[in-house]
Structures are given as C-alpha cells and as structure tokens.
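The following exercises are meant to be worked through slowly, with the structure open beside the text. Please try each task before reading its solution.

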Amino acid sequence: MYYAASIAILITMALALIRAMSGPSVYDRVLAVNMMGTKTVLLLSVIAFLYGRPDFLDLALAYALINFIGVLAVLNFFQNAAARNAVNKSSEN
Amino acid sequence: MIVLFGVFLLTLLVITAIAIIRTPDLFVAVMLTGIFSLLMASIFFILDAADVALTEAAVGAGISTVLFLSALALTEQKERSIRPGRWLAVPVVVAGALIVYATFDKPRLGDPDAPVHQHVAPWYLEKTPELIDIPNVVTAILGSFRGYDTLGEVFVVLTAAIGVMLLLGTRHRKAASPVQPASSSDGLRHHLIPRVLGRLLIPFIVLFGLYVQFHGEYGPGGGFQAGALVAAAVILYALLEGEGPALTVVPLSAITAMMAGGAVLYVLVGLAGIVLGGNFLDYSVLQIDPVAGQHLGILLIELGVGVTVCGCMLSIFHAFAARDNR
Amino acid sequence: MAWVIDLLSWVLLSVGGIFILIGGVGVVRLPEFYTRMHAASLTDSMGTILILIGIMLQAGASLATIKLIAILVFMLLTGPTATYALANAALMSGMKPNKLALAEDSASAGKED
Amino acid sequence: MIASHWPALQVALPLLVAPMVMLLRGATLPWLAALVTSFMAFAIAISMASTVLEGEVIVYAVGSWPAPVGIELRIDELSALLLLIVTGASSTTLLAARNSLTAELEPERHMLFYAAWLLALSGMLGILVAGDAFNIFVFMEIASLASYVLISAGSDRRALPSVFKYLIMGTIGATFYLIGVGLIYMMTGTLNLADMESRLAEVEELKPIMVAAGFITVGLALKAALFPLHAWLPNCYTYAPHIATAFLAACSTKIALYVLLRFDFVVFQGNLIGHDVQFSGFLMPLALIAILVASGVALFETNLKRLLAYSSIAQLGYIWLGASFVSKAGLTASVVHMFNHALAKGTLFIAVACLGLRFASLTLQDLKGAARFMPWTMAAFVLAGMSLVGVPGTAGFISKWYLISAALEQGYQGVVVIAVILISSLMAVAYLWRVVEAAYFGEALTSSSSTTAEKMSEAPPLMLAVVWVAALANVYFGLDSTVPLALSEQAATALMEHLR
Amino acid sequence: MEWLGLYNYWVFAVVLMMGFYTVIAKGNLIKKLLGLSIFQSAVFLLYITMDKVDGGTAPIIQEGVSDQIFSNPLPQVLILTAIVVGISTTALGLAIVVRIKETYDSIEEHEIQAKDNHR
C-alpha cells in the first residue's frame, strides 16, 4: 500500500531533478529544489511507516522546517543580488 | 523492494553530482548541492541511519546552503575559466579503480556476516540497555563510549568558527543604517506573507530544536542537530528582519559566550569524572548509581554540544552577513 | 471495520501519489516558469494532504498522528508561502509571464492534434 | 594519583583553556594564558616521558570503557618523544610570540590567534596520545583547521591563496585517510590500532586492506608534505605569521609522519605480505629525490622563509629515508632526526621572526647587512644553521651520524644513500651560506638604511633570549643526546617488534 | 540480485571520483569547495553502507519489541562526527574565499596566480 505512494514520490523526485538540471531560469531550479524538499518529507513519512518506525517522523518534521529556511535564504539572496545590481548601476552612472 | 528504492536514489545522486560538476553557474550548483544533500539524507534514512539523516538534512540542506549562498553573495556567481587539465584525471581514475578493485572482496550490502557486525558493534547493542539504559544506541556511543571523539568534534566546529571570526572580523555597525531600504541588512521586511509566517514558525522551530536536544536519548537527534536547528531559527529571523534586529535578540557577546561555554562545559564534565575518582569522561561516577550518572553525563555533554554548535553556526553566519553590509 | 480504514487509506495514498505524479509531469512538461510553478504548488498541497491523511488513518490515535498533523500544518503553511515568495522574486526580477510561449505552445499542440 | 590521568589532561588542558582565551581581551592576557597552558602541557609531557623511559607504555581508557569499545590513549616511546617536541616547540615559540605577533596582527584579533594556537597544540597532542584510528582523524582535523587559521593570519595577501590550497590538499589527505580507515574497519570491525593489528592477521581477503594501505599512505603523505605532494608547504610557511611558521615547521608535518609510521609499522607491515619490499623499494628513491630536488630549489630561492621551507621538505626526506631502511638503526636515525630537525628548524624560524620585526621584506636582497644591526640574532641563526647542516658538536650531527651508520648496513644501496646525504649536506651549506653572505658581507641598501636607521636595532630582549636558549639547546643536544637517543632507540625497537 | 549488494560501493566510487576531479581540476575556488563536499559525502556513503544489516532497523531500541535486528550503530556515530568536520572545513574555506575575493577581486585560481606574478 505504501509502495504505490512511495514509487510515485520517487518518480516525481526524478522529474523534479530533470527540471532542476534543465532550468532554464534560476527560479525554475529553486522551484525544483523546493519540490524536492517537500517530496523528501513525504518520502520519509511514508518510509517511516514502511519500516514500522513511526517515531522517525521527527525527521520529516525537521526537513519540513529546514526546507522553508532554505527557500527564504534563496529569496534573500535574490533580493540582495538585485540590490547590489542597482547599487552598481547607480555608481556607474 | 526498499533496496530498489535505494538503488534508484543512488542513481539520482550520481546524476545530480554530474550536473553539479558540469554547470558553470555557481548558484545553480549550490541549488543542486541542496538536492544532493536531500537525496543523501533519504539514502541514509533507507540504510537505517536515522540520526545521520537528520544531521545531513540540518547541515547539508540547511546550514550549508545558507553559507554557500552568503559566500556567493560576496563573490561571483559564474565560473569563468574552464580549464580541461586532462592529465589531472589520472589520479582520479587511479583512486576510483583502486576502490572498485577493493570491492571485489568487500562484504555485500546488508550481509549480516560481515566483520563489522561481528566485533565491537554487537557489544554496544547488547550492553547499552544495561550500562547506560537509553534506547538510542547511537546517542549512547556518541555521548559515552566514544564521547572523546565527540569532544573533538565540538572543538573542530569551534576552531572553524574562530577561524571565520579571525578572517572576516566580528565587528558590526551597531544597527543597520536606515538610509538604504534595499540593503541586505533589511532582510525580507517588505515581504509581508513570508515575514508573518516566518515569525509564526520561529518559536516552533526553537521548540522543536529543544525537543530534538532532550529527546535525543530516545529517538533520532541530539546536541548537534538541535544546535543546528536552533541556529537555523535565529538565521531565519535574521533573514526576515535583517541583521540588526537579529543581533539585538541574540547579541554577539551571547553568541561568543555560547561558543566558549558549551565547549568548556563539555571538558568540565570530563574533568569532573577525574575529580570524582573515575577516568576522563567517565560519567558513572557523577552519581551514586552508575546508570544515573551516565544519564546525567550524556545530558550535560549533549547540552554542551548543542550550545557550542548553535553559537558557532550563528557566529559564522553573522560573520558572512556582516561582510555583506560593508 | 478495519478493512474500511485500510481501503480508505489505500485510496488516499494512491490518489495522493497520482496527484504528486501529475505535479511532477507538469513541472517537466509545461512551457514556462509560472505555469510550472502552478503545477508544482497546487498538486503539492493536495498530494501532501491526501498522503499524510492516508498515513494518519493507519497510525490511528497515537503520537505519530500528532506529529503527522504537525507536519501537515507546516507543509500547508510553508508550501504556499515559499511559492509566493518565489513567484514574487521572479516577478521582481522582471520575469513576466510569457504569453508568447504559452500561445506558441498551445498552437503547436493544436497542430499536433 | 593525578599522574595516572596525565594522558587525558595532556589534551584536555589546552582544550579547556582555548575557549576561555577566546573571551579574553587585549594582547597580553591571551598570550599569558596560552603560554602558561603550553608550559603546563610541557611539564606533563616531561613527566610522561620519564615514565615511558623506564620502559612502561602508558595506557589510558577514556570514560573507563575498555579498549576495543571505548577509546584508548596509548603513549609509547615514539609518542612520548613527539609529545616533548610539540609541547617544547609550542612553549618556546609562544615565549617569543607576543613581540613578533604585535607587528603582524592587530591586537583585537590576538585572542583568536592564541585560541587557534592552543587548539592546534591540543589537536597535535590528541593525535600523539590516541590509540584509535578514528580518534586520530578527529584530532588531525582540529590540528589542521587550527593550522589553517594560524597561517591565514599572515599579513601578506598571498597567505590567503596559499592557505586555501593547503585547506584543499589537507582535506583531501584527511578524507583519503578516512577512506582507508573505513576499509580496514570494514574488514576487521575495529578502530583500535592494537586490536586492528591482531585482527588483521586473521583477515583472508587482502584486497581492501592493500587499497586501504594505499589510501592511508597517500593521504598522510599529503598532510606530511612528502616529496611529490609537498606543493602546499612552501607558500604556507612563507606567508604565515613568522611565529606561526616557527611552530608549524617544528611540529606539524612530523605529526602526520608519526601517524604514517604508526600505520605502516604497527598495522600494515606485519600483515601485508611483501609490504616490506614495497616500502623501501618505493619510498627510498622518493626520499632521495626529495632530498636532492628540495635542496636544489633552496639553492636558488631568494626569499629566506621559502628557502627554509624547501630545506624542511629536504629534511623530511631524511626522516623518511631512515624509515625506508626498515631496520632498527634506520628507524632510530629517523626518529632522532625528527627531534633534531624540530630543534634546528624551530630555532631558525624564531631567528627569522626576529629579523621579521625589523625587516618588512625577507628576501636575501633586503637582508643585506642584517648582521650589523642584529649581531646576536644572526649568530643564533648561524648556530642553528650549523645544526641543520650537521656540523659535529651540534644536534644535527647526531642524526646524520646515525643515518649514515644505518645506511652502511644496507650494502651497495647504502653507498648511494651516503653519497646523497653528503651532497645534500654540501647543498645545505651552500644555501645557508647565501644567507650568511647576505647578512654579514652584504652592503646594506642605502635607501632602506637611511629611512629606518633608528628602527634598525637588535630584537627585543625576550625574543633574543628565546632564540639563544633554542640555539644553545642545539649545542647541548649535540653534546649530550642521551634522552632523545634513548627514546628513539626504544621507539625503533618497539616498532621493529611489530614485524614478524 | 548479487550485484545490487555492491551497487552502493560503485556509486561511492563514482561519486568519489567526480568530487575528487572537481576539487583538483576546476579553477573556481567555490566550485572546488562544492567538489570537496561531494568528495566527503562519498565517504559518508561508504561508512553508512557498511552499517546496514538485512532485515535490520535503526539502532534505537523500541520498548516492548523483542527479537529485532539492529543495524550497526558505530559507523553512524563516526559519520555524525565526519559530517560536522565537513561543514566546519567548508565554512572555513568559504571565509578564505571571501577574503580572497576582497583582496584579489577574483575567485579563479589562474587569475589569482597571474595577479601575484604580476607584482
């Protein structure tokens, strides 16, 4: 029963990886990474039950939290890059 | 069946690694490294290494990505030179060939008769309930049987943090200057939704970190993971509100005190063992009942690990972020 | 009654898996960033809800269910937020939803039909 | 009672003080704390060495867990001697550190520098007392990371690319080591070195073990800057703060060599059939080439620190050469040369630190006429240089003598070896003479002497005292080398016992 | 199915080679560090592979469940330590790269060398 879901998750991970590699824009890649993160959370939850060790859901929880921080760090990076470009341009003018 | 999952994930891992090497865009490479870590963590989990998976997630996908991005923000995004240097492949191929050569005599994956499972390890599994009486054998080894290694690990992190402080300096301008609204010191203050949600999440992350810290004896987790998680929460705050507010919440002096305090606590617990008549890092003598002593000792040193790791991660993060403000 | 719960969670897990798969296909096949994001985020949330509820039914009333609820709440909060933040960043960087690409794609799709 | 805990305290003491040093402010307090700690560690090392000299191997179970499950600390003759070298070098150089460092690093960062120093010290000590393969890795990383930090504090901007290169190569080395340890662990199920040796004897599939031996040897050779893998060393020594160079040149590469000797003789040698042959057949030529090439490069080097760095690579070749004889005499020569080289090179670099206080640039060109301003410093430099060359009556002579007598046992190969030793000694005379010539007979550049005439004076008294104590130690151990020789001979005997 | 038992080791070898190649062949300093972390991850994989036992489960003893086979906890402990060492090295390396960028205005190895030789 869990197998069906986990196979679907694994295939989706592969698809997300394809998107992460092919791009084309950086945002596509961030999207793919985020997707990969959520899929990992699901995979861990499912496998925890597959192994009969529901106490390992802690891991999935930790991933869910860390993933969010990762995306915000990327966002912050973009914003800073934009700000830097603006500063550079104004200093050039 | 699950073995096949592992094979599938490993294949993805190899593909990701190829992509990381081939892409000239460093930002993309960092993103792919995040994926690499997530895959790695899933594989660890499938191979029964729950604690390692948790650490890899907190470190690889969390802290490491943040650090690489901070460094990228201060350097360049594109890799310019692509020098082929083909002869350099020779040592690489030699190393790989050697390893493949060695695999012919290696025990296969999961072989219960492998030498690794015959010596030492069964002792840990058998004696932990009796000698230390905590369910998580990994924590028992980490904290007590091989606690000296963990002591070293704490000091490795401390050394790295000291190095980053020495290289990048720690002095900040007290508060970020309010003149530049778009400057990075502002964080994501203009993004209302992430900001509201982030503020909502931070207490939960800290709470979860504390849970991981003190639940480490019963489930996956422990001082290192907890320290990284709590540090991640503060980093989240810094991302959302900017450097200045984050430093008022957790000032630099507190961070430095945490770095030093946790490490000192760990050594002091070890020395307490000597004072009370045992060997270095012998927790059995801490209390009258040896098992209770082990409990106390592991609790204290895990606390030391958590505090130092959290302090070090924050200090490293702030050191990078402070450069950004200049 | 046990078989009802089993059946129910089986259905939930399978449907959730299908949702996620559709999202994955969408992310690869759709022509342009915003449409891909659309595919990813919506199916993500739905798939997550279904799969986690499916597992919850199996776990029954236990600590695991509470953790699962926590995971679900976190995912439902952070997923859309991350999507929003990403879309915002893309838009700010001057990446406009590309009508041309969409039109071309639908036109070529039409031709193939 | 406390004496039974020396092995743990040896490492724990600097570890405990390091984070505290980080919290101190100013330039004096952190220095004092580090200095006192280092001397206490030195005292502990002396106490343990005296125990070991009586023929007792100190074994200590950390956490009271018995050996294969817990981590064991083990101090035999070899580690006792190296403990003396490391703590002694650290204490001596620290004495001189304050004056030297003030010129190179702003005082607000001194506490970080001294904290890193103590961490480097405890990392090295941790490797030396460890009896566990993985524990060695952990402390090796503390020592390496702390060394990177020390080097990166250098004031020249070229310190940064150099230290980055060192970081990359050092990490590759450590990771190779980890792979090797993993393979051995996989085949034996243990991490304890002594346990490994006995369990390896029962392992039948030797392929992974051979591969592990390869990885560990290459990895540690990288860390030890053995000849073809020495690329990181010259620049790091050149651009590091002078006093850090003195400390690291005296100890750091020898630690990796120590681990390599441990593994090769204790773990592998007896267990890998034909390993004996590979060892000498493969490493002796490398050592010989290293000696000749590195001495040759030093002959043409114009920067004083880099010249001494290349000389270090050549001297590492000597140590390696002695080990590659796989004989008791050879090992004795090798081990005693570790001691004597640390003494000579440490003294030379402290003298360089004195020069560095007065001269902004340390090229031979700029050092012309230095002896006129700093006669005492240069005299100590010459004395230590004589020890490096191996003039009778200095410490260096002892190790050269032992090396040559070990080579004589080797038959026709020995003749080649002796020829190389003699040639390279002549080369050492030549490259050191270039320094002496510049300092004593060179005409000072008019521009620099006129602008900085009043700055040109002898080094501060404390540094001068340190450099002279170190220089006289070179003479003392040349005349009476009972202690290092006794330890070396016992160490060599113990290592040879592992060969069956 | 026998080859599946060695698949992990082969992946370890391949990932190791790729990481190693990146470290020594690429000229970009950040890329080198990325390669270094891949290189180290490969070793983590080696250790974790050896801890697995068929039919085993993570070495956390469950109450009330007997006759469980547990995987080997020792490699996990070692790798926990190694991961921490890895991130420490990376952090220090990145700090050095940032300083190099500030003083040399480049993070490409050959450009840095050229700038030093130029003086």
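**Exercise 1.** How many salt bridges are there between chain B and chain E?

*Solution.* Begin with what is being viewed: this is a predicted model, in which local features need pLDDT of at least 70 and side-chain atom pairs count only at pLDDT 80 or more, while totals for chains, interfaces and linings use all residues. Residues are numbered from 1 along each chain as its sequence is written, chains are lettered from A and ligands numbered from 1 in the order in which they are written, and side-chain values use heavy atoms, with hydrogens and water left out.

Next, apply the rule for a salt bridge, a side-chain nitrogen of Lys or Arg within 4 Å of a carboxyl oxygen of Asp or Glu. Between chain B and chain E the count is two salt bridges. One of them joins the side chains of E:K101 and B:E76, at 3.0 Å from N to O. Helix α3 of chain B (residues 50-74) gives the largest share of the side of chain B that touches chain E, namely 13 residues; helices here are DSSP runs of H or I with at least four residues, numbered from the N terminus.

**Exercise 2.** Describe the area buried between chain B and chain E.

*Solution.* The size of an interface is often given as the accessible area lost when the parts come together. Summed over both parts and computed with a 1.4 Å probe, the buried area between chain B and chain E is about 7800 Å², with carbon and sulfur atoms giving 75% of it. Within the area that chain B buries against chain E, B:I21, B:D48 and B:F68 supply 9%, more than any other three residues. Counting contact as heavy atoms within 4.5 Å, 96 residues of chain B and 82 residues of chain E take part.

**Exercise 3.** How many salt bridges are counted between chain B and chain A?

*Solution.* The count for chain B and chain A is zero salt bridges. Their contact takes 55 residues from chain B and 45 residues from chain A. Together the two chains bury about 4600 Å², of which 82% lies on carbon and sulfur atoms. On the side of chain B, the residues losing the most area to chain A are B:F5, B:L38 and B:F45, which together account for 14% of what that side buries.

**Exercise 4.** Is helix α1 of chain E mostly covered or mostly uncovered?

*Solution.* This helix is mostly covered, since 17 of its 22 residues are buried, meaning under 20% relative accessible area (1.4 Å probe, protein chains only).

Terms used
Buried means under 20% relative accessible area, exposed over 50%, partly exposed in between (1.4 Å probe, protein chains only). Helices (H or I, at least four residues) and strands (E, at least two) are DSSP runs, numbered from the N terminus.
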